[in-house]
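Here are some notes to go through with the model open beside you.

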Amino acid sequence: MITNENVQKFKSYGFVLTPVNKTKDQKDKSPITKNGKWHFDWSDQELQDANRIGAYHKQSGIYDVDFDDKGWRQSCCYS
């Protein structure tokens with residue numbers, strides 16, 4: 001369960017949040033879209049109602065490193 005406290009904490013870090021699809025595929029971490037396009041301005045209530053939330057890397061200015069990735073690739077969009 002995602003609480004308002006969770007949402008506010010992540011936003012205080014500067015994260016641009018999005019609801020994330022929850023499917024049977026554990027590797028599916030795709031953002032939920034509006035009209036087929038990524039949406040960056042979800043309401044707090046929409047985020048709380050989601051099964052999962054994630055952060056857009058570029059818009060949040062963050063890097064993501066998957067430590068279990070044997071190729072040591074990183075997802076980065078920091079400018």
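1. A definition to begin with: a residue is called buried under 20% relative accessible area, exposed over 50%, and partly exposed in between, using a 1.4 Å probe and protein chains only. By that scale Gln 59 is partly exposed, its relative accessible area being 35%.

2. Please keep the origin of the numbers in mind. This is a predicted model, where local features need pLDDT of at least 70 and side-chain atom pairs count only at pLDDT 80 or more, while totals for chains, interfaces and linings use all residues. Numbering runs from 1 along each chain as its sequence is written, and side-chain values use heavy atoms, with hydrogens and water left out.

3. On the fold: the protein chain has 3 helices and 6 strands, where helices (H or I, at least four residues) and strands (E, at least two) are DSSP runs numbered from the N terminus. Their order along the sequence is α-β-β-β-α-β-α-β-β. Of the contacts in the protein chain between residues at least 6 apart in sequence, 55% link residues at least 24 apart; contact here means heavy atoms within 4.5 Å.

4. The accessible surface is about 6,200 Å², with 49% belonging to carbon and sulfur atoms. These areas come from the Shrake-Rupley method with a 1.4 Å probe, and for residues only the protein chains shown count as cover.

5. Which residues are closest to the centre of the largest pocket? The pocket has a volume of about 540 Å³, and of the 21 residues lining it, Lys 29, Gly 54, Ala 55, His 57 and Asp 64 are the closest to its centre. Strand E1 (17-19), strand E4 (53-55) and helix H3 (57-60) each give at least two residues to the lining.

6. How that pocket was found: on a 1 Å grid over the protein atoms alone, a pocket is an open set of points where a 1.4 Å probe fits, with protein on both sides within 12 Å along at least five of seven lines, and lining residues have an atom within 4 Å of a point. Grid points are joined across faces, edges and corners, and the volume is the space filled by probe spheres set on the points. The lining divides into 10 nonpolar, 6 polar and 5 charged residues; Ala, Val, Leu, Ile, Met, Phe, Trp, Tyr, Cys and Pro count as nonpolar, Asp, Glu, Lys and Arg as charged, and the others, Gly among them, as polar.

7. The whole structure holds 2 salt bridges, each a side-chain nitrogen of Lys or Arg within 4 Å of a carboxyl oxygen of Asp or Glu. In one, Asp 44 pairs with Lys 11, with the closest N and O atoms 2.4 Å apart. Asp 44 is in helix H2 (residues 44-49) and Lys 11 in helix H1 (residues 4-12), so this pair ties together parts 33 residues apart in sequence.

8. In the other salt bridge, Lys 34 pairs with Glu 46 at 3.3 Å between the closest N and O atoms. Lys 34 belongs to strand E2 (residues 33-34) and Glu 46 to helix H2, so parts 12 residues apart in sequence are tied together.

9. Gln 59, in helix H3, touches Val 16 and Phe 40, not counting residues up to four places away in sequence.
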